[in-house]
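Student: Please take one part of this model and look at it closely, then carry the description on into its other contacts and pairings. I would like the cut-offs stated as you go.

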Amino acid sequence: MERKIRQATLGESLFSLMFLVVCLAVGIIGYKTDPHVPMFVGSFGAIFISYRLGYRWEEIESFMMKGIQKVVPSIVILIVIGMLIGVWLDSGVVPSMIYYGLKVLKPSIFYLATVVICSITSVATGSSWGTMGTMGVALMGIAVGLDMSLPITAGAIVSGSYFGDKMSPLSDTTNLAPAMAGCDVISGIRFMMIPTGISYAISLVVFFVLGLGHSSAHADLSGVTKISDAMAETFTISPVHFLPVIIVLVAVACKVPAIPGITLGIIFGAIIGLITQPGCTIKTLMDCAINGYVSNTGFEMMDNLLTKGGLLSMMSTCAMAIIAMMYGGIMEETGQLQSVANFITRKIRRRAGLVGATMGCSIIANVIMADQYVSLIVPGRMFASKYKDMKMHPVCLANAIASSGAVTSALVPWNTCGLYVASTLGIGVFSYLPYAVFNYLTPLVVLLLAYLKITITDEEGVRLIHTRTDGNDAGEEQSMAA
């Protein structure tokens with residue numbers, strides 16, 4: 001008897017998605033577990049529908065492998081970045097960045113300085129959570145001593161932490177978004193610089209204005225002083241430690257591929273560490289590259305901030321990417337994602353509209369699925385083929401999901417990020433939400449720039465604002481209608 005394979009209906013495709021949503025909700029919200037196992041269990045909904053469509057297990061397994069293959073380059077980059085973090089901590093690069101960042105803090109510009117300090121720390125460590133759990137806690141304490149507004153301070157901490165996290169090549173979410181979209185992390189960061197820079201600049205102005213009239217000549221900066229002194233006692237602090245960072249930034253500007261560019265940062269960081277840090281040896285560098293740096297100063301705040309990095313620290317994110325792409329591979333190859341994407345985009349005729357739909361789905365995923373990783377993974381794979389149909393480079397998709405899914409996660413009270421911020425800073429989400437300027441401004445700026453053709457590119461990655469626009473809207477309509 002001849003086997004028949006049919007197209008997935010919208011109802012069947014939605015079943016696969018809703019089964020995943022339920023699994024994630026039960027696991028993350030109900031049992032407060034990581035999303036890995038719920039994501040894996042949720043894949044069985046897609047497998048069940050695939051059987052109904054007529055596919056055999058061997059074919060379904062091959063779909064999983066195809067999905068995983070797409071994310072392998074990003075997994076390699078994550079591994080290299082894990083090594084970079086460990087080496088930069090051991091060699092004094094990250095401590096030097098944080099040390100000089102703390103020097104920016106002045107009572108007369110407290111809110112502005114809070115954003116800048118958290119930005120530098122988050123860029124240096126690649127962790128918004130780590131930044132808020134260390135620098136954020138310290139700054140909230142300083143705010144109490146200065147009699148500053150705690151909701152505004154928390155908003156400044158969240159804004160700075162997520163800016164740094166979004167623009168740091170060390171961040172797991174910054175790597176995950178391009179991986180789901182189908183481009184490399186360096187291209188993704190380079191493309192995000194304009195909209196993110198605009199949002200950040202506006203945020204700085206807002207916090208500067210909010211801080212006017214709140215200066216204090218009797219500020220208690222003892223907490224900041226303790227961190228700075230501990231850094232100086234443990235490491236040799238010098239501007240020369242910025243050299244590896246500059247090299248990586250130059251590599252990004254010169255369009256050097258991600259892995260060689262990051263490796264250059266590792267090499268130069270190791271060389272500077274061997275020269276400047278008494279306790280830095282080839283053995284410690286190799287150990288930190290694998291297991292991460294462990295700070296044992298006895299100063300809990302600093303130890304929590306600097307104990308991180310290493311190849312093994314990235315395994316959780318790598319596993320999440322693999323499991324997500326198992327699910328994504330099945331959904332893509334069986335046409336289930338295409339069915340849902342067609343339904344959502346059936347009336348969209350412009351590229352900017354597609355960007356808006358993508359961002360909307362990412363934000364909804366944050367609300368429903370309550371996890372920022374899922375808000376990057378599901379829309380990323382759902383709309384990937386649509387961006388290809390519309391002849392848009394994958395960086396457009398990476399920018400859309402990173403500028404919505406990643407940054408708005410802290411604005412949802414029941415999202416894992418919102419819960420973490422509230423518990424760590426000791427203030428409710430709805431209290432700091434009006435002041436998390438960067439987080440809600442970024443999606444708006446990206447959407448506006450999409451309609452201005454600044455965050456829209458052609459297949460070669462050239463922004464449409466740099467190309468001829470005659471008849472462009474009609475071309476967009478024909479492409480989408482096809």
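Tutor: Serine 228 is buried, with a relative accessible area of 4%, where buried means under 20% relative accessible area, exposed over 50% and partly exposed in between, for a 1.4 Å probe and protein chains only. This is a predicted model, in which local features need pLDDT of at least 70 and side-chain atom pairs count only at pLDDT 80 or more, whereas totals for chains, interfaces and linings use all residues. Residues are numbered from 1 along each chain as its sequence is written, and side-chain values use heavy atoms, with hydrogens and water left out.

Serine 228 lies in helix α10, residues 222-234; helices are DSSP runs of H or I with at least four residues, numbered from the N terminus. Leaving aside residues up to four places away in sequence, serine 228 touches Tyr99, Leu102 and Lys103, a contact being heavy atoms within 4.5 Å.

Turning to helix packing, α5 (residues 110-125) and α9 (residues 185-211) pack at an angle of about 145°, with their axes 7 Å apart; the axes are lines fitted to C-alpha atoms over the stretch in contact, and angles run from 0 to 180 degrees between N-to-C directions. On the α5 side the contact is made by Tyr111, Leu112, Val115, Val116 and Ser119, and on the α9 side by Tyr200, Leu204, Phe207, Phe208, Leu210 and Gly211. These residues divide into nine nonpolar, two polar and no charged, with Ala, Val, Leu, Ile, Met, Phe, Trp, Tyr, Cys and Pro counted as nonpolar, Asp, Glu, Lys and Arg as charged, and the others, Gly among them, as polar.

Charged pairs come next. The count comes to two salt bridges, each defined as a side-chain nitrogen of Lys or Arg within 4 Å of a carboxyl oxygen of Asp or Glu. Glutamate 12, buried at 9% relative accessible area, pairs with arginine 6, their closest N and O atoms being 2.5 Å apart, and arginine 6 is partly exposed at 36%. Arginine 52 also forms a salt bridge with glutamate 12, at 3.5 Å between the closest N and O atoms. That pair links distant parts of the chain, with arginine 52 in helix α2 (residues 36-53) and glutamate 12 in helix α1 (residues 10-30), 40 residues apart. Arginine 52 is partly exposed, with a relative accessible area of 48%, and salt bridges that share partners join Arg6, Glu12 and Arg52 into one network.

Definitions and conventions: Helix = DSSP H or I, 4+ residues; strand = E, 2+ residues; numbered from the N terminus.
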